[in-house]
Amino acid sequence: MQVSIACTEQNLRSRSSEDRLCGPRPGPGGGNGGLVSGGHGNPPGGGGSGPKARAAVVPRPPARAGALRESTGRGTGMKYRNLGKSGLRVSCLGLGTWVTFGSQISDETAEDVLTVAYEHGVNLFDTAEVYAGGKAERTLGNILKSKGWRRSSYVITTKIFWGGQAETERGLSRKHIIEGLRGSLERLQLGYVDIIFANRSDPNSPMEEIVRAMTYVINEGLALYWGTSRWGAAEIMEAYSMARQFNLIPPVCEQAEHHLFQREKVETQLPELYHKIGVGSVTWSPLACGLITSKYDGRVSDTCKVTIKGYQWHKVQSEDGKKQQAKVMDLLPIAHQLGCTVAQLAIAWCLRSEGVSSVLLGVSSAEQLVEHLGALQVLSQLTPQTVMEIDGLLGNKPHPKK
């Protein structure tokens with residue numbers, strides 16, 4: 001029997017705002033507000049005897065207006081949010097492996113970075129079959145195997161689309177989704193990934209075929225959830241509608257680029273999907289591929305992603321690139337006022353966006369990671385007035401289209 005992991009729009013509207021975001025509140029004894037863990041055990045207390053015995057119902061206190069939707073990890077200070085409106089809790093800062101693992105940094109440095117991330121409460125690690133031609137997945141898998149961390153204590157995501165040179169080794173056909181994911185699992189040395197992303201839309205594959213293939217790999221235990229990456233809002237809604245029509249499993253999140261100079265999709269399009277169908281956002285490139293750096297002096301460093309061959313997405317020498325560099329300089333006084341670096345400010349700014357479940361960090365050293373994790377302390381200082389000041393300096397705040 002297929003069980004959908006996302007609630008219907010009607011059910012989402014019927015639940016309180018805080019419950020949708022945080023889940024049930026713990027009861028007096030530390031339980032889940034009367035819900036039975038696992039779904040197959042007896043109610044707490046043994047169930048009693050006699051015909052009138054019934055499970056006690058713990059009343060849930062009314063939702064508090066303005067209650068935080070995230071929890072904070074003990075000892076680490078890491079904040080955790082629901083992945084969209086699913087029940088999966090992910091760290092609001094995750095670790096990405098694009099460019100770095102299996103490529104820019106050594107395996108020893110990659111292990112240091114992953115260890116520091118895990119010890120600081122990061123539980124979301126993102127990779128893809130295409131990263132470094134599969135080497136990123138192998139490096140991540142080797143580290144996880146050597147560490148011996150409990151599999152239940154972290155979340156692994158991978159993305160499927162570009163798997164090889166053959167025509168059948170790329171795209172979102174049922175064949176490649178299933179075979180590509182099995183290849184990723186072999187490189188990761190894992191029995192399953194927590195989330196499989198469709199790493200762009202595929203006009204050559206029918207939407208029904210994509211959704212059925214994603215449902216299949218979840219029902220087979222190869223993945224627990226599925227999401228989209230770089231899909232348009234209309235395509236995500238089509239996948240959701242297809243899942244509802246045929247009793248299949250819909251996507252739970254979209255992975256999208258989001259930073260000070262790339263705003264419209266995450267800030268105007270995805271919030272509507274979040275409220276309507278429960279699709280959250282996992283965002284990447286909070287520092288604009290390295291354009292926004294901590295030691296900013298108006299120059300782009302040699303290790304910046306925009307200077308690496310194959311990753312020159314931002315033409316920093318163009319007129320727009322020079323304007324963006326000038327705006328980063330304009331943000332320095334705000335960063336100094338908050339007692340943080342401009343990189344920490346930029347990451348915290350991404351975290352404040354509605355519907356964002358996690359922001360993926362890409363770092364080349366453990367020291368850089370620790371600095372970026374400091375953005376968590378900046379988040380609480382981003383008052384509406386500060387955000388308005390930043391918007392005024394950037395001059396690019398998008399407005400929802402009516």
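This is a predicted model: local features need pLDDT of at least 70, side-chain atom pairs count only at pLDDT 80 or more; totals for chains, interfaces and linings use all residues.
Helices (H or I, at least four residues) and strands (E, at least two) are DSSP runs, numbered from the N terminus.

Residues are numbered from 1 along each chain as its sequence is written, and side-chain values use heavy atoms, with hydrogens and water left out.

Let me begin with the overall picture. The protein has 14 helices and 11 strands. Of its 402 residues, 50% are buried, where buried means under 20% relative accessible area, exposed means over 50%, and partly exposed lies in between (1.4 Å probe, protein chains only). Contact, as I use the word, means heavy atoms within 4.5 Å. Among the contacts with a separation of 6 or more, 76% are between residues 24 or more positions apart.

I return now to Thr-157. Is this residue buried or exposed? Thr-157 has a relative accessible area of 2%, so it is buried. Leaving out residues up to four places away in sequence, Thr-157 touches Leu-124, Phe-125, Asp-126, Thr-127, Ile-195 and Phe-197.

The next topic is helix α5 and its two helical partners. The axes of helix α4 (residues 107-119) and helix α5 (residues 135-147) come within 10 Å and cross at roughly 60°. That makes α4 oblique to α5. Here, axes are lines fitted to C-alpha atoms, for helices over the stretch in contact, and angles run from 0 to 180 degrees between N-to-C directions. Angles under 35 degrees count as roughly parallel, over 145 as roughly antiparallel, 65 to 115 as roughly perpendicular, and the rest as oblique.

Which residues of α4 and α5 meet? From α4 there are Asp-107, Ala-110, Glu-111, Leu-114 and Thr-115, and from α5 there are Thr-139, Leu-140, Ile-143, Leu-144, Ser-146 and Lys-147. The residues of this contact of α4 with α5 divide into five nonpolar, three polar and three charged. In these classes, Ala, Val, Leu, Ile, Met, Phe, Trp, Tyr, Cys and Pro count as nonpolar, Asp, Glu, Lys and Arg as charged, and the others, Gly among them, as polar.

By class, the contact of α5 with α6 has two nonpolar, two polar and three charged residues.

Glu-137 counts as buried, because its relative accessibility is 0%. Apart from residues up to four places away in sequence, Glu-137 touches Thr-127, Ala-128, Glu-129, Thr-158, Ser-184, Arg-187 and Leu-188. Glu-137 and Gly-183 are 46 residues apart in sequence and 9.9 Å apart in space, C-alpha to C-alpha.

I move on to helix α7, residues 207-219. At 1.5 Å a residue, its 13 residues should span 18 Å, and its end C-alpha atoms are 18 Å apart, which agrees. The expected span is 1.5 Å times one less than the number of residues. The buried residues of α7 are Met-207, Ile-210, Val-211, Ala-213, Met-214, Thr-215, Val-217 and Ile-218. Just after α7, Gly-221 takes a positive phi of about 80°.

Gly-221 is also one of the contacts of Tyr-192, which lies in the loop between α6 and β7. Tyr-192 counts as partly exposed, at 23% relative accessibility. Tyr-192 and Val-217 are 25 residues apart in sequence and 9.5 Å apart in space, C-alpha to C-alpha.

Finally, two loop residues. Most residues other than glycine have a negative phi. Ala-132, in the loop between β5 (124-126) and α5, has a positive phi near 50°. Arg-200, in the loop between β7 and α7, has a positive phi near 140°. Ala-132 counts as partly exposed at 30% relative accessibility, and Arg-200 counts as partly exposed at 32%.
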